[in-house]
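Dear colleague,

I am handing over the structure that we talked about, and below it you will find an account of what was found in it.

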Amino acid sequence: MSVTRRIRSTSTDRGEVSAEVLLVVPCLMFIALCAVQLSIYGAAVASATHIATDAATAASSRGASAADAMIAVNDGLASVGATAAGPSVIDIDESRVTVRVAIVVRKILPVGPDVVTRSATVMRERLVSYLER
């Protein structure tokens, strides 16, 4: 014969679990949204760096101009789906090319920077004769 006993709860904290859940779940959701926002910012930084480097490389080849760098910037923005935060700055010198790109960071939380700016500098190609080496 089995005897089953019923254990009665004598505690008086019946609504405490639901109150704890109401406090913990919003905090966990905020932490998750912050992690997502941080990853969006990281993707924007990587995209801006990639676009600036590609544009500087495109303008560094022999015979290239600032128009080639602007085409590379526009192609890069279109390929990653980013929005430019302003005009890109292209500085072409005799020995180097510097491109500065600013893109808008998409937001899901009103924290963090709105714009990411990155620049890349690449040495220009030049032909050197055999005697100058």
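In which helix is the place of Ser 47? Ser 47 lies in helix α1, where helices (H or I, at least four residues) and strands (E, at least two) are DSSP runs, numbered from the N terminus. Before going on, please note that this is a predicted model, in which local features need pLDDT of at least 70 and side-chain atom pairs count only at pLDDT 80 or more, while totals for chains, interfaces and linings use all residues. Residues are numbered from 1 along each chain as its sequence is written, and side-chain values use heavy atoms, with hydrogens and water left out.

The overall layout

The chain's secondary structure consists of two helices and three strands, and along the sequence these follow the pattern α-α-β-β-β. Of the 133 residues of the chain, 21% count as buried; buried means under 20% relative accessible area, exposed means over 50%, and partly exposed is in between (1.4 Å probe, protein chains only). The accessible surface comes to about 9,800 Å², and 59% of it belongs to carbon and sulfur atoms; such areas come from the Shrake-Rupley method with a 1.4 Å probe, and for residues only the protein chains shown count as cover. Among the contacts in the chain with a separation of 6 or more, 57% are between residues 24 or more positions apart, a contact being heavy atoms within 4.5 Å.

Helix α1 and what covers it

Helix α1 covers residues 16-60. Its 45 residues should span 66 Å at 1.5 Å a residue, and its end C-alpha atoms are 67 Å apart, which agrees; the expected span is 1.5 Å times one less than the number of residues. The buried residues of α1 include Gln 37, Ala 44, Val 45, Ser 47 and Ala 55, and what covers the buried residues of this helix includes α2 (66-80), β1 (89-92), β2 (96-104) and β3 (115-123). Ser 47 counts as buried because its relative accessibility is 16%, and, leaving aside its neighbours within four places in sequence, Ser 47 is in contact with Val 80 and Ile 103.

Gly 76 is found in helix α2 and, at 11% relative accessibility, counts as buried; Gly 76 and Ala 55 are 21 residues apart in sequence, with 8.3 Å between their C-alpha atoms. Ala 67, which also has its place in helix α2, is partly exposed at 45%, and the C-alpha atoms of Ala 67 and Ala 55, twelve residues apart along the chain, are separated by 9.9 Å.

The surface, the cysteines and a charged pair

A nonpolar surface patch of about 520 Å² is made by Leu 23, Val 24, Leu 28, Phe 30 and Ile 31. Patches are made of residues with over 30% relative accessible area and no salt bridge, where like charges are joined within 9 Å and nonpolar side chains (Val, Leu, Ile, Met, Phe, Trp, Tyr) within 5 Å. Ile 31 is found in helix α1 and counts as exposed, since its relative accessibility is 54%.

The structure holds zero disulfides, a disulfide being a pair of cysteine sulfur atoms within 2.5 Å. Cys 27 is partly exposed at 48%, and Cys 34 is partly exposed at 28%.

A search of the whole structure finds one salt bridge, that is, a side-chain nitrogen of Lys or Arg within 4 Å of a carboxyl oxygen of Asp or Glu. Asp 114 forms a salt bridge with Lys 107, and the closest N and O atoms are 3.3 Å apart. Side chains of opposite charge can pair when their charged atoms come close. Asp 114 counts as exposed at 51% relative accessibility, whereas Lys 107 is partly exposed at 31%.
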